[in-house]
2 protein chains.
Amino acid sequence: MDTLAAYKAHLAEIAKLHSAQALLGWDQHTHMPKKGASARAQVAGKLSKMAFELFVSDEMGEYIDRLEKEDGLSLEERASVHRVGKDYRRHKAIPPALVEEMAIARSQAQSAWVQARERSDFSVFRPHLEKMVDYARRLTEYYGYEKEPYDALLEEFEPGMTSSRLREIIAPLQSELVPFLKRLIDEGEAPSTDPWEGRFDIATQRRLARRALEIIGYDFDAGGLDDVAHPFTTTIGPGDVRVTNRYLEDAPLSGLFAALHEGGHALYNQGMGENLYYLLLADGASHGIHESQSRMIENQIGRSRPFWRFFQPILAEYFPKFGKVDPEELYRSANIVKPSLIRVEADEVTYNLHIMLRFELETGLIDGSIPAGDLPALWNDAMERYLGITPLDDACGVLQDVHWSMGAFGYFPSYMLGNLYAAQIFAKLRSEIADLDERIASGDFEPLLAWLRENVHRLGGIYEPNELIERITGEGLDPSYFVTYVKEKYSDIYRL
Amino acid sequence: MDTLAAYKAHLAEIAKLHSAQALLGWDQHTHMPKKGASARAQVAGKLSKMAFELFVSDEMGEYIDRLEKEDGLSLEERASVHRVGKDYRRHKAIPPALVEEMAIARSQAQSAWVQARERSDFSVFRPHLEKMVDYARRLTEYYGYEKEPYDALLEEFEPGMTSSRLREIIAPLQSELVPFLKRLIDEGEAPSTDPWEGRFDIATQRRLARRALEIIGYDFDAGGLDDVAHPFTTTIGPGDVRVTNRYLEDAPLSGLFAALHEGGHALYNQGMGENLYYLLLADGASHGIHESQSRMIENQIGRSRPFWRFFQPILAEYFPKFGKVDPEELYRSANIVKPSLIRVEADEVTYNLHIMLRFELETGLIDGSIPAGDLPALWNDAMERYLGITPLDDACGVLQDVHWSMGAFGYFPSYMLGNLYAAQIFAKLRSEIADLDERIASGDFEPLLAWLRENVHRLGGIYEPNELIERITGEGLDPSYFVTYVKEKYSDIYRL
């Protein structure tokens, strides 16, 4: 067997373990009974260790060294060797025993987080969080970094991104958005919340979410929709990309937009060829790019005027009271700007402020200037500074996100980058599909999906984010697209 | 590390892989989308191969050789070494590559079976069945046998059982039951089917099944209930024993008794200590003993007069029309004897005839006297001979059971043995809990569960079936308990 074939066979073995790991993770959040948690942590740890050992094996090092010098590779193969090689070198320094230990701790931390959140009791989660922070800090030393330890973590989610570049992006965003937010609140004409008052049957919401996923082109023969506390999308394998969701009886838009959001992620993975999965290129270009696909379906599409022209009668099939509501009213009321406690419920204008808050706290946790025990107070303080509001309890505050329980420090900035990429990519998409609004308004999502498949989805992780955004839009990341998008849309809705 | 500790650590690694495998299997039948099937088969094959390689590894052989000579082992440890040692020697002869190949073929055969059954098209399943038979025949040669190749397969499900012993058991059963069945049909007063006429909402049936499981003491914090085509129970790990079920809109008893049946299996596994799981003793004494636990809950309890006295008002909470039905009428109508097409729907009198049919066909497949292609015709012919009826199509005939798609030849006799063990164990249980009927009639299932936990469940696979039945009842397997039970019960119901 030549090196390339051996490399691919080796990757396929890893991919199969990843598939089993993904299923264990999905099940842990959707179906696993609580008494199964401790044994599950052991199983997840074992598979994680096995996959890691294969990934950092000596053969892998040899394959990469040899293939990096070879000329005859296809585009996908070259990309695989490049990205796998980077990860290989990154992880090579980590002792396999530590990986297993972290996986066990992660599984336990996630169970503790679920409990802590249910009881709104940070103390249940705190020892686990301290452990996860400690692991993350140790990882930064193993990975290495040029300036700040946090950069070592960022690299995992957004290759090429740094803390200082993030501060450069955040500064103008903040200076544009904060005064705009103030103007909206002070001078704008806020849409009415009336259409969404009342209680909405959960089972009906679940069926509506399913319908919304079908509408955007999500393939249920290659996925599924299950209930969880914190929605996520996971690729169990080629042909199996699952969406999870949650529903609030008194806030039906929450479940609907979460479904569209996760559906956007899922379309990305459903649009990648099986070959990318087995070349370990099916995670997408970066978490930020992945997030751009979910945010675009959620916001640029789901929160658009043409969408609500199309969707109003469909909504009325599930909740008849909407039969009498003007689509324009639904559109406006689906775009209310209001500083709020929960990131995933945040509107497009304030969303990035939630990220700035987390970025500030995370960098403090990682550089050691913030002890985990101080988080609830610091969180509430930062909420006050960024958004002018204070959480009622920790469940709505510092315990709201699953990420830290997973040890995923450095992940949050991807959400902000996702918003920025989405605006920039969507501007390009609009320029190329002249009648996009009419298509959406008539329920024809095919040209949208075809464009995304061709320009983004099918490429999977072949390109890194800088390359990809350049390739798609002809220029590097430019936050001004997002600023323009938000200002135009909300000046109109708020009649400024 | 001494040998015992090393042996236990080795078994724990295998147990963790088994846990992941069990989850993959559960998911394949409950949630996996159809486009995920082919990748899933690869993943299942890989894990299966890894577990198998650990099981037949040289270390394992050394541990067993050494521990078989040691004196200081606990009861559980000795049992583990004994049973694992038997399995080790049995499987040692099988090439690991064949195990992986079979796991892939099994996964594909199961997907094909689901499709074939949906379309009632045997030709979709036939090539997969031929493959599975061929594998089974090869296995008998690897395993070895004294008289008949089928015995080599039986050993896996019912240690110590042989084809000739089965024929000895079947002969008197047939000679007692066939004339009794004829008397019931010809001279008996058949209960009315009236109470169960109509259509029964599936979602309500699902909630009722959940309630029934709660009633018998199934712990939902250590399990779950999901929909499938063919109900099964699976142990994902300690604290995670899941039940699956199906519901028919026009036959609510089907889903209810299937839930009680699977619940009986689940109680067995929920009643075993975690230590048995990691000693690979959590499969129970044998498949026949496992089946005795499900059949007892389904039949000796669920189809009893006191159960229906207690259950009638509960049933009426879900389906109000039963509020007006006499419990005695429900009891009688839940015990109608009628030759039918589907094994899992068969009554207690005819059930064993379904097994005799399968035993006849299976031994023919395995000794090569029956080609797989002849099965649909032979099945229909045997149904006519044993039960006097002919399937309308293959979905209701040869395609009804999942077992052959799993390559589980030699499994079916366990169902018959389960009936026989159940009757014998239940006779003992009744003699020791004098007021059992009153307890059940008042909804107190605690003494029943406590007795089963103490005498059966907590022992898991510590004893082999011959030993266990002797230990519980003071004598070896005696089919006359079943004959007596059936004759007394149905003579009463049919007013002979």
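B:Lys321 sits in the loop between α13 (305-318) and α14 (327-333) of chain B. The model is predicted. With a relative accessibility of 38%, B:Lys321 counts as partly exposed. B:Pro195 lies 126 residues from B:Lys321 in sequence. In space, the C-alpha atoms of B:Lys321 and B:Pro195 are 8.8 Å apart.

In chain A, the loop between α13 (305-318) and α14 (327-333) holds A:Asp326. A:Asp326 is partly exposed, at 43% relative accessibility. A:Asp326 also belongs to a surface patch of negative charge. The patch gathers A:Asp194, A:Glu197, A:Asp326 and A:Glu329.

Salt bridges were examined next. Over all chains, the structure holds 86 of them. One joins A:Arg430 to A:Asp437, with the closest N and O atoms 3.0 Å apart. Both partners are partly exposed: A:Arg430 has a relative accessible area of 38%, and A:Asp437 has one of 27%.

A second salt bridge pairs B:Lys86 with B:Glu155, and the closest N and O atoms are 3.2 Å apart. This pair links distant parts of the chain. B:Lys86 lies in helix α4 (residues 75-92) of chain B, and B:Glu155 lies in helix α7 (residues 149-157) of chain B. The two residues are 69 residues apart. B:Lys86 is partly exposed, with a relative accessible area of 32%. B:Glu155 also counts as partly exposed, at 23% relative accessibility.

B:Arg295 pairs with B:Glu298, the closest N and O atoms being 3.1 Å apart. These residues are three residues apart in helix α12 (residues 287-301) of chain B, so about one helical turn separates them. In an α-helix there are 3.6 residues a turn, so residues three or four places apart point the same way. B:Arg295 is buried, because its relative accessibility of 3% is under 20%. B:Glu298 is likewise buried, at 3% relative accessibility. Elsewhere, salt bridges with shared partners join A:Asp27, A:Arg40, B:Asp240 and B:Arg242 into one network.

Burial also marks helix α10 (residues 252-270) of chain B. Of the 19 residues of α10(B), 19 are buried, so the helix is largely enclosed by the rest of the structure. At 1.5 Å a residue, these 19 residues should span 27 Å. The end C-alpha atoms are 26 Å apart, which agrees.

In chain A, A:Ile366 lies in helix α15 (residues 351-367). A:Ile366 counts as buried, with 3% relative accessibility. A:Ala408 is 42 residues from A:Ile366 in sequence, and their C-alpha atoms are 12 Å apart. A:Gly144 occupies the loop between α6 (122-143) and α7 (149-157) of chain A. A:Gly144 is partly exposed, at a relative accessible area of 36%. A:Gly144 and A:Ala285 are separated by 141 residues in sequence and by 22 Å in space, C-alpha to C-alpha.

Backbone geometry was considered last. Most residues other than glycine have a negative phi. A:Leu280 is not a glycine, yet has a positive phi of about 55°. A:Leu280 lies in the loop between α11 (274-278) and α12 (287-301) of chain A. A:Arg495, also not a glycine, has a positive phi of about 50°. A:Arg495 is placed in the segment after α21 (480-493) of chain A. At 47% relative accessibility, A:Arg495 is partly exposed.

Note on methods. Residues are numbered from 1 along each chain as its sequence is written. Chains are lettered from A and ligands numbered from 1 in the order in which they are written. This is a predicted model: local features need pLDDT of at least 70, side-chain atom pairs count only at pLDDT 80 or more; totals for chains, interfaces and linings use all residues. Side-chain values use heavy atoms; hydrogens and water are left out. Patches are made of residues with over 30% relative accessible area and no salt bridge: like charges are joined within 9 Å, nonpolar side chains (Val, Leu, Ile, Met, Phe, Trp, Tyr) within 5 Å. Accessible areas come from the Shrake-Rupley method with a 1.4 Å probe; for residues, only the protein chains shown count as cover. A salt bridge is a side-chain nitrogen of Lys or Arg within 4 Å of a carboxyl oxygen of Asp or Glu. Lys and Arg count as positive and Asp and Glu as negative; His and the chain ends are not counted. The place of a charge is taken as NZ of Lys, CZ of Arg, CG of Asp or CD of Glu. Helices (H or I, at least four residues) and strands (E, at least two) are DSSP runs, numbered from the N terminus. Buried means under 20% relative accessible area, exposed over 50%, partly exposed in between (1.4 Å probe, protein chains only). The expected span of a helix is 1.5 Å times one less than its number of residues.
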